[in-house]
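Dear colleague,

Please find below the structure that I am handing over to you. A short account of the findings follows it.

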Amino acid sequence: MRPATSTLEPREMTGNTLDIKANLETVQGRLDQALGRAGRNPGACKVVAVTKRQTEAKIEAALAAGARCFGENRIQEARERWPRLKERFPDLELHLIGGLQTNKIKEAVALFDVIETVDRTKLARALAREMEDSGRKPRLFIQVNIGAEPQKGGVSPAALAGLISACRNELCLEIEGLMCLPPLDQDPAPHFSAMAQLAKTHGISKLSMGMSGDYEIAAAMGADYVRIGTAIFGPRMKP
Ligand SMILES: *Cc1c(COP(=O)(O)O)cnc(C)c1O
């Protein structure tokens, strides 16, 4: 079972966009405290504000509050809002945190600054080709299916070494980080710790792990990015 971190009560449950600034501050405060308790520097872990299925008004509120690092899980939704916003805010950093199909690679490379969901050699090869063709070089993370769940994206821990080696040696792709979504019904801590170990084993410097319910634990266990949706923006719209 998940530890009871759900004392977290996002204030924007009213849907009031005015609360988003406060939610961002609350999350940042808790994150910095968790980092401090773990002997890490405040600022050692960045918040990726996850805007999937959130309203434009809420995104505007986050931008007005100074947020510049955002995550989306679907190309289709991202393309409807971010190209415009990127023109207004040239310092935006946009992360793709959902599965990527090879037919969407051109668009993904054009739009995203970080692609967190590299999980197979075929995809890595297509990314390498598109990065070469377009001259755009988004930073790349490999998604690891850390709980080895059959329905979930990500490379299995057992196949990770092979994928890293193909990226580095065959495709000359630098892998900056590892990303995971631990099984929902389990204590995330052992999974975060396994991720930290994998990153160390493979000489990979960054970890993207932790969401609204467990980001303090993730930060204590070495996360460099936490991906936070509902604790900032409230409940998502229906798909
Ligand atoms: C939606 C999503 C998140 C954010 O989840 P919350 O529980 O709303 O914070 C984080 N990571 C990924 C990959 C997601 O799809």
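A polar contact is here a pair of N or O atoms within 3.5 Å. Please note that this is a predicted model.

A polar side-chain atom of Lys52 is 2.7 Å from a ligand oxygen atom. Arg227 contributes a polar side-chain atom that lies 2.9 Å from a nitrogen atom of the ligand. On its own the ligand exposes 390 Å², of which the protein buries 90%.

As to its location, the ligand sits in the largest pocket. The residues around the ligand include Val50, Ile97, Met179, Leu181 and Met211, and also Ser212, Thr230 and Arg236.

Turning to the chain as a whole, the protein has nine helices and eight strands. Its radius of gyration is 17 Å, close to the 18 Å that the globule rule gives for 239 residues, so the chain is as compact as a globular protein of that length. Along the principal axes, the C-alpha atoms fill a box of roughly 50 × 40 × 35 Å.

With kind regards

Definitions and conventions: Residues are numbered from 1 along each chain as its sequence is written. This is a predicted model: local features need pLDDT of at least 70, side-chain atom pairs count only at pLDDT 80 or more; totals for chains, interfaces and linings use all residues. Side-chain values use heavy atoms; hydrogens and water are left out. A residue is near a molecule or strand if one of its heavy atoms lies within 4 Å of it. A polar contact is a pair of N or O atoms within 3.5 Å; within protein, one must be able to donate a hydrogen and the other to accept it, and residues adjacent in sequence count only if both atoms are side-chain atoms. Accessible areas come from the Shrake-Rupley method with a 1.4 Å probe; for residues, only the protein chains shown count as cover. On a 1 Å grid over the protein atoms alone, a cavity is a set of points where a 1.4 Å probe fits but cannot get out, and a pocket is an open set with protein on both sides within 12 Å along at least five of seven lines; lining residues have an atom within 4 Å of a point. A molecule sits in a cavity or pocket if more than half of its atoms lie within 2 Å of its grid points. Helices (H or I, at least four residues) and strands (E, at least two) are DSSP runs, numbered from the N terminus. The radius of gyration is taken over C-alpha atoms; the globule rule is 2.2 Å times the number of residues to the power 0.38.
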